[in-house]
Amino acid sequence: MLAALWAASGPLVPAEVLAALGGDLAYTTVMTILVRLHEKGVIERTKVGRAYAYRPVVAETEVVAERVRRLLAQGHDRAAVLQGFIDGLRPEDEAMLRAMLADMETSPTSEAG
Amino acid sequence: MRAVVYLPLLASVAFVCLSRPACRRLPPCRAAWSITAAMAVLAASTVGALGLLAWPLMARVPIVAAAGRWRPGAVTHGVPVPVVASLVAWLALVALAHRAVDQLGRLRRELVETARLHAELGSTGRGRLAVLDDPVPEAHALPPTLSLPGRVVISTGLLAALDDDERAAVLAHEHAHLTHAHRLFTAISALAAALNPVLSPARANVAFALERWADEDAAARTSRAVAARALAKAALAKLSTPRPTVASALIMGLGQLGVPERVTALLDRDDRSHDALAWLLVGLALGGILAVAWATHDTERLFETLRTR
């Protein structure tokens, strides 16, 4: 059930969860599980009309947040603001990096932390 | 007074030469702090020195002379600064003020752009992390604004290229940028370089130190090996992705410090102490500001003697 909620692009009401799961379960069962998951704090809910819509709680290191269309774009200001993890890469770095990666993979260090 | 007033300029040149080995050898946090602070102090010192050189010309203006109670003629004869030097100093001050205003404008536009990016990302879950549907592997730390917290932005391209540990390392790296307010360091170094163009090369050294700092945080969270691997894999993935026509990466010059140097630093931990470098940096900055203080004192004394009773 959590997988269905993760896969959705927005919060789901119980009826939608039921549809996503293929209708094997009874509506009341889905409701019960959703309520229990909510009590455990695994999912959160917002009121939509008279029903609740559920979605997974996003932990800080969770990878699935929202998928936003490419926004990397024009403007020097934007590039200045978004200084990246892999900024400043030169084509000639490739050979060196491949060699380093190969080294790392063949002789893994026992370095911890 | 005359020789001492040029000291800040010399100190700036020496500092820039030292800042490169400093950003590679000092512990990154210390490197970032000391290089940025030294840049700020040296920028203030050179502006102060220029002000002292420009001052005699100002002192000859009748209104100023009247206020200070000295005769304009006395200034011309009594102050050992040639008119030409004063003129050049004035021109330099005007040019530097222009640069500083430009830089402040740039910083303001970056703040506006930051807010705009936050708005585009919208409210994503807890608002701390956003995933971009983008094949180009990259991750960024979007700084906070007055009303919004900072965010880590990561592309699906990067997520696809890394395993769980490595993703954690990247997230820890970007999070470190936000936690330690690295934007402030880059902003201060940019402003210092605007006020003292001699310091410009040190900006890249600050940037490198900040990346190393975040790398070390990531290594602490996962491990040095994992962080190194994440960086190398991410970089190779980016190199093999066809570049979009819109440039998003800085164009690196020869000899600039970049990703391979960061990977090496993570793999070969350098535990030697390089305190001497740190002290030298501090010494240069202090030297600059002390020189200006001394020259100011000298100037004050000189003008005291020029005062008519």
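Okay, some housekeeping before we start. The model is predicted, so local features need pLDDT of at least 70 and side-chain atom pairs count only at pLDDT 80 or more, while totals for chains, interfaces and linings use all residues. Residues are numbered from 1 along each chain as its sequence is written, chains are lettered from A and ligands numbered from 1 in the order in which they are written, and side-chain values use heavy atoms, with hydrogens and water left out.

Let's begin with chain A. What does its secondary structure come to? It comes to 5 helices and 3 strands; here helices are DSSP runs of H or I with at least four residues, strands are runs of E with at least two, and both are numbered from the N terminus. Reading from the N terminus, the order is α-α-α-β-β-β-α-α. Chain A has 113 residues, and 31% of them are buried. Buried means under 20% relative accessible area, exposed means over 50%, and partly exposed is in between, using a 1.4 Å probe and protein chains only. As for contacts, meaning heavy atoms within 4.5 Å, take those in chain A between residues at least 6 apart in sequence: 36% of them join residues at least 24 apart.

One residue in chain A to click on is A:Asp93. You'll find A:Asp93 in helix 5 of chain A, residues 93-106. Buried or exposed? A:Asp93 counts as buried, because its relative accessibility is 2%. If you leave aside neighbours within four places in sequence, A:Asp93 touches A:Gly88 and also B:Pro260. A:Asp93 forms a salt bridge with A:Arg90 as well, with the closest N and O atoms 3.3 Å apart. By salt bridge I mean a side-chain nitrogen of Lys or Arg within 4 Å of a carboxyl oxygen of Asp or Glu. A:Arg90 is buried too, at 11% relative accessible area.

Why would such side chains pair up at all? Side chains of opposite charge can pair when their charged atoms come close.

How many salt bridges are there over all chains? The search of the whole structure finds 16. One of them, over in chain B, joins B:Arg229 and B:Glu166 at 2.9 Å, N to O. B:Arg229 sits in helix 10 of chain B (residues 224-240) and B:Glu166 in helix 7 of chain B, so this pair ties together parts that are 63 residues apart in sequence. B:Glu166 is buried, at 0% relative accessible area, whereas B:Arg229 counts as partly exposed at 22%. And there's a network here: salt bridges that share partners link B:Asp163, B:Glu166, B:Arg229 and B:Lys233. Another salt bridge joins B:Arg224 and B:Glu216, again listed at 2.9 Å, N to O, and B:Arg224 is buried at 4% relative accessibility.

Now the helix packing in chain B. Helix 7 (residues 164-179) packs with helix 9 (residues 201-221) at an angle of about 130°, their axes 8 Å apart. Axes are lines fitted to C-alpha atoms, for helices over the stretch in contact, and angles run from 0 to 180 degrees between N-to-C directions. Angles under 35 degrees count as roughly parallel, over 145 as roughly antiparallel, 65 to 115 as roughly perpendicular and the rest as oblique, so helix 7 and helix 9 of chain B are oblique to each other. On the helix 7 side, the contact includes B:Ala169 and B:His173; on the helix 9 side, B:Leu210 and B:Arg221 are among the residues.

Helix 9 of chain B also packs with helix 1 of chain B (residues 7-25), at an angle of about 15° with the axes 9 Å apart. Helix 1 and helix 9 of chain B are therefore roughly parallel to each other. Among the residues that meet are B:Phe15 and B:Val16 from helix 1, and B:Pro201 and B:Phe208 from helix 9.

Last stop, the backbone. B:Arg69 has a positive phi of about 65° although it isn't a glycine, and B:Arg69 lies in the loop between helix 3 (62-68) and helix 4 (72-78) of chain B. B:Ala181 also has a positive phi, near 55°, and B:Ala181 is in the loop between helix 7 and helix 8 (182-195) of chain B. B:Ala181 is partly exposed, with a relative accessible area of 31%.
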